[in-house]
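Hello,

Please find the structure below. My notes on it follow.

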Amino acid sequence: MHIRVVCPEQSVYEGEAAFVALPSTDGELGVLPNHASEICTVKMGYVRVCDQKMGEVSRRFAITGGYAEITQDEVIVLARRAQSMGAVDISEVQAQLQGFEDALSKLSEDDARRSYIYNEIAWCKLLLSQ
């Protein structure tokens, strides 16, 4: 089956897969070829792609919330944010995390920017928890 992982900025991945695991809001969802058609919401987590057979993960993608459309022969993940875990620069993400944590410590408790920084910290931690 065909899989596409896209976010507003770019197409992160497009290729063939034997099995895909999605972090749906109802729990992890496994997709094999000829799966029943459905649209589901996805939450922050990892999309795991098995190129050859189920159980042998070939690629992992960190994503934030969005949607997935599943048809008999295709999975399209539309995420607000997505990145291949193979392309993560650990030291760069650690530096970003430190910067966000420093910025958070300087904000007052009622500062509206805290929400944005919390989301960035969560994203950095997701990328670091390989």
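K53 and E56 form a salt bridge, with their closest N and O atoms 3.5 Å apart; the term means a side-chain nitrogen of Lys or Arg within 4 Å of a carboxyl oxygen of Asp or Glu. K53 is partly exposed at 47% relative accessibility, and E56 is partly exposed at 41%. Here buried means under 20% relative accessible area, exposed means over 50%, and partly exposed lies in between (1.4 Å probe, protein chains only).

This is a predicted model, in which local features need pLDDT of at least 70 and side-chain atom pairs count only at pLDDT 80 or more, while totals for chains, interfaces and linings use all residues. Residues are numbered from 1 along each chain as its sequence is written, and side-chain values use heavy atoms, with hydrogens and water left out.

The whole structure has six salt bridges. One of them joins R48 to E28, with 2.7 Å between the closest N and O atoms. R48 is in strand β6 (residues 45–50) and E28 is in strand β4 (residues 27–31), so this pair ties together parts that are 20 residues apart in sequence. Strands are DSSP runs (E, at least two residues), numbered from the N terminus. R48 is partly exposed, at 25% relative accessible area, whereas E28 is exposed, at 55%.

E109 also forms a salt bridge, with R114, and the closest N and O atoms are 3.7 Å apart. E109 is exposed at 68% relative accessibility, but R114 is buried at 10%.

Regards

Methods
Helices (H or I, at least four residues) and strands (E, at least two) are DSSP runs, numbered from the N terminus.
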